[in-house]
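Welcome, and please open your viewer so that we can walk through this model one selection at a time. Each stop says what to select and what is there.

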Amino acid sequence: MTQHRRRLTAWLLAGVVLAVVLTLYRADRTAMSEHSAAPGVTGSATPSATAPPPTPSAPPATSGPPSPTASQGTGEPPPATAEPACTSPGTCGFPDANSTGPRIGLERHDTGNMSVKKDGTVIKGWDIHGSLDIYANDVTVIDSRITSTNWWGINLRPGFGGLKVLHTTITAVPGKGPDNGGVNYAVSNMGGSSIEVGWCDISVFGNALSMGQGDLHDNYVHDLVAFRNQGGEWQHTDAVISGGGNKGRLTIRRNTLLNPTAVDRGATAAVGLFADTGVVSSVVVEGNWLAGGAYALYGGGPGATGIQVTNNVFSTQYHPAAGAYGAATAWNAGGAGNVWKGNRMSDGRPVDPPPAS
């Protein structure tokens, strides 16, 4: 019995000793933690291998206008930031030979100068040696090629509408056209309604896209060929030309429009908006690559209204100023609805609206 009591006493003493040791250990750890968290304490600490990395806090939300820059604080506007340089149409997202023209194999058709007189006709996959004269409504030419020696490639006659020319190559044979060897219009809209020309590869013709109203988008117009007309004078050349007097809207958007011909051989513009047959109105010229001509853009002249010229790139590939004499002219700054915004040179310089002519 005495031996049993001795053993119990020994176990109790051991328990007391263990409790004291644990208490002292915990107190020491607590003191160390409080010391490391105290402000003003320097020195490095190695984080635990199992501790998660600190999470960065989100920046505080802001509202209202941004804080003024140093230049704004002095009352001066911040310096204009030039857009990055653009070296060529295709590499900068504009149409070129890789993004235009037919997408399928073609079947040769020696049509000559063919007239289309049935409404709703669809011409697809044709390699046409000749031209199309459209005397019908809602005709579609798609995924085809036209090689013309006529005055035009495709001509929509007065009184008809709804023409669509899509994913088609339209070209001509230099020196074989009827205008003293020249050819005049790749697509001509003589009708009284809008037409659509999109994703087309167009070359050679003197005035490639000729119309007062239409939707011209994603086209590649290039390699216009100079020629003397039947009067012996150099034919004026334009990638897009409009003579004014239009009743509908002309939209020129996301095209590459090149006029490489020399000024002394008739080069006029990449986009020529002229008041030849009436006042120019309701034209959108947006997001195009424009190069060449006497001026790359003729803006409609006195009386022009509703002309929106925005976010175009004026290329230096033929002339340092885009056109031989400058980027643009014939701009009616005071015309109702006329907008000039976001236009720049291919080297990044902003293009200001031209002075009133």
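Accessible areas here come from the Shrake-Rupley method with a 1.4 Å probe, and for residues only the protein chains shown count as cover. By that method the accessible surface of the protein comes to about 18900 Å², with 56% of it belonging to carbon and sulfur atoms. This is a predicted model, in which local features need pLDDT of at least 70 and side-chain atom pairs count only at pLDDT 80 or more, while totals for chains, interfaces and linings use all residues. Residues are numbered from 1 along each chain as its sequence is written, and side-chain values use heavy atoms, with hydrogens and water left out.

**The whole protein**

Start with a cartoon view. The secondary structure comes to two helices and 26 strands; helices (H or I, at least four residues) and strands (E, at least two) are DSSP runs, numbered from the N terminus. Buried means under 20% relative accessible area, exposed over 50%, and partly exposed in between, with a 1.4 Å probe and protein chains only. Of the 357 residues, 45% count as buried. A contact means heavy atoms within 4.5 Å. Among the contacts with a separation of 6 or more, 63% are between residues 24 or more positions apart.

**The disulfide**

Select Cys86 and Cys92, which are joined by a disulfide with an S to S distance of 2.1 Å. The criterion is a pair of cysteine sulfur atoms within 2.5 Å, and by this rule the count comes to one disulfide. Are the two partners buried or partly exposed? Cys86 is buried, with a relative accessible area of 10%, whereas Cys92 is partly exposed at 26%.

**A loop residue and its neighbours**

Next, pick Thr121, in the loop between β1 (107-116) and β2 (122-124). Leaving aside residues up to four places away in sequence, Thr121 touches Val116, Asp138, Val139 and Thr140.

**Aromatic pairs**

A pair of aromatic rings is described by the distance of the centres and the angle of the planes. Here, rings of Phe, Tyr and Trp (its six-membered ring) pair if their centres lie within 6.5 Å; planes under 30 degrees apart count as stacked, over 60 as edge-to-face and the rest as tilted. By this rule the count comes to seven aromatic pairs.

Select Tyr135 and Phe160: their ring centres are 6.4 Å apart and their planes are at 80°, so the pair is edge-to-face. Tyr135 sits in the loop between β3 (126-134) and β4 (140-142), and Phe160 in the loop between β6 (152-156) and β7 (164-166), so to speak two distant parts of the chain, 25 residues apart. Tyr135 is partly exposed at 29% relative accessible area, and Phe160 is partly exposed at 24%.Move on to Phe314 and Trp340, whose ring centres are 6.3 Å apart with planes at 20°, so the pair is stacked. Phe314 lies in strand β23 (residues 313-314) and Trp340 in strand β25 (residues 339-341), so the pair ties together parts that are 26 residues apart in sequence. Phe314 is buried, with a relative accessible area of 0%, and Trp340 is buried at 15%.

Then select Phe274, Tyr295, Tyr298 and Tyr325, which form one aromatic cluster.

**A strand covered on both faces**

Highlight β17 (residues 256-259). Which residues lie on each of its faces? Thr256 and Leu258 are on one side, Leu257 and Asn259 on the other, and all are buried. Two strands pair if DSSP finds at least two bridges between them. Strand β14 (residues 220-224) runs parallel to β17 and is joined to it by two bridges, with Tyr220 partnering Thr256. Strand β20 (residues 289-292) also pairs with β17 in the parallel sense, over four bridges, and there Leu258 has Ala291 as its bridge partner.

**Two positive phi angles**

Most residues other than glycine have a negative phi, and most peptide bonds are trans. Select His167, in the loop between β7 and β8 (169-172): its phi is positive, about 50°, although it is not a glycine. His167 counts as buried, at 12% relative accessibility.

Finish at Trp199, in the loop between β10 (196-198) and β11 (201-204). Trp199 has a positive phi of about 55° and is not a glycine either. At 30% relative accessibility, Trp199 counts as partly exposed.
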